[in-house]
Amino acid sequence: MELPQKNGRRAASLTCCLCVLLLQLQAAWTSADCPSDGRTWVPFKDRCYHFVHGEEDKLKVYNFESAKSLCPHSELLSIQSAEENDFVVKYSPEVWKGEVNVWLGMYYDTNSEGMMWFDEEPVKFTNWEPGSSPSDFVPMETCVAVHSDTGKWERVSCLDDLENGVVCETAQKADQAKKKSSGLLSGLVILCIIAIVAVSVVLWFLHQRQHPGSSVVTGFEYHPPFRAPDGDRSCLVEAEELDGGP
């Protein structure tokens, strides 16, 4: 293989590795938009989640008020979609052993006579287990917990029941994330264009060293491998050599 082809492949591989590295850095910087308060926050879409006491051998139990107190500057878990519900179910085994009942930031609102989220978002998605869907008569102290193994929701008492799972939730810094992502994408595009141009220049320069005076087009012409002439052509060549002899 010719030297320009070898160097071309090396340069192309280096360019690909550079682009992959930059994309990984972009993902790492984007995930850094969760709170940096010393706790472990897990990003999912535009939200951040902290699974409380996931690293302890023994799970503790909390009433509703004590669960809320564990989420300063954030809210108890509120689930707005099936995807978010599945995320909680799939990530729970990473931090907890066995089944855990996780408090949701939901309560029964006497004014609207329906369930409400504490962050004042409307309840658009539900996943009640059989028999737990709110009926016409719901006690005022009704709250909700989600089972980490099935993802089903259960009505519980805000005052009397104790649950062993707490997940805090907060929004990512949307404005900063958008500006950061936009700047990173622009930088990635510029760097990739520069890298591609640099590789092309190197290939052209190496080709010119091996083939002085050739154009850019000839550098990409196809040169078939050498083949021995067939029998008739061999005879013709031999006859020409004899005719031209002394």
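Mentor: Gladly! Let us start with tryptophan 103, which is buried, with a relative accessible area of 0%. Keep in mind that this is a predicted model.

Trainee: What makes tryptophan 103 count as buried?

Mentor: Buried means under 20% relative accessible area. Tryptophan 103 has 0%, so the word applies. Phenylalanine 64 is buried too, with a value of 2%.

Trainee: Why is the pair of phenylalanine 64 and tryptophan 103 called edge-to-face?

Mentor: Two values describe a pair of aromatic rings: the distance of the centres and the angle of the planes. Ring centres must lie within 6.5 Å, and planes over 60 degrees apart count as edge-to-face. Here the centres are 5.2 Å apart and the planes stand at 65 degrees, so the pair is edge-to-face. Phenylalanine 64 sits in helix α2 and tryptophan 103 in strand β4 (residues 101-109), so this pair links distant parts of the chain, 39 residues apart.

Trainee: How do you know that phenylalanine 125 and tryptophan 153 are also edge-to-face?

Mentor: By the cut-offs we just used: this pair has 5.8 Å from centre to centre and 85 degrees between the planes. Phenylalanine 125 lies in the loop between β5 (114-117) and β6, while tryptophan 153 is in strand β7, so the pair ties together parts 28 residues apart in sequence.

Trainee: What makes the disulfide of cysteine 34 and cysteine 48 left-handed?

Mentor: The torsion about its S-S bond is about -90 degrees, so the disulfide is left-handed. Cysteine 34 counts as buried at 7% relative accessibility, and cysteine 48 is buried at 0%.

Trainee: How many disulfides does a search of the whole structure find?

Mentor: It finds three. Another of them joins cysteine 71 to cysteine 168, with an S to S distance of 2.0 Å; at -80 degrees about the S-S bond, this link is left-handed. Cysteine 71 lies in the loop between α2 (64-69) and β3 (75-76) and cysteine 168 in strand β8 (residues 167-171), 97 residues apart.

Trainee: What is the handedness of the link between cysteine 143 and cysteine 158?

Mentor: This link is right-handed, with 100 degrees about the S-S bond. The sulfur atoms of cysteine 143 and cysteine 158 are 1.7 Å apart, and both residues are buried. With the bonded cysteines numbered in sequence order, the pairing reads 1-2, 3-6, 4-5.

Trainee: And what does the secondary structure of the protein chain come to?

Mentor: Five helices and eight strands. Of the 246 residues of the protein chain, 33% count as buried.

Definitions and conventions
Residues are numbered from 1 along each chain as its sequence is written. This is a predicted model: local features need pLDDT of at least 70, side-chain atom pairs count only at pLDDT 80 or more; totals for chains, interfaces and linings use all residues. Side-chain values use heavy atoms; hydrogens and water are left out. A disulfide is a pair of cysteine sulfur atoms within 2.5 Å. Buried means under 20% relative accessible area, exposed over 50%, partly exposed in between (1.4 Å probe, protein chains only). Helices (H or I, at least four residues) and strands (E, at least two) are DSSP runs, numbered from the N terminus. Rings of Phe, Tyr and Trp (its six-membered ring) pair if their centres lie within 6.5 Å; planes under 30 degrees apart count as stacked, over 60 as edge-to-face and the rest as tilted.
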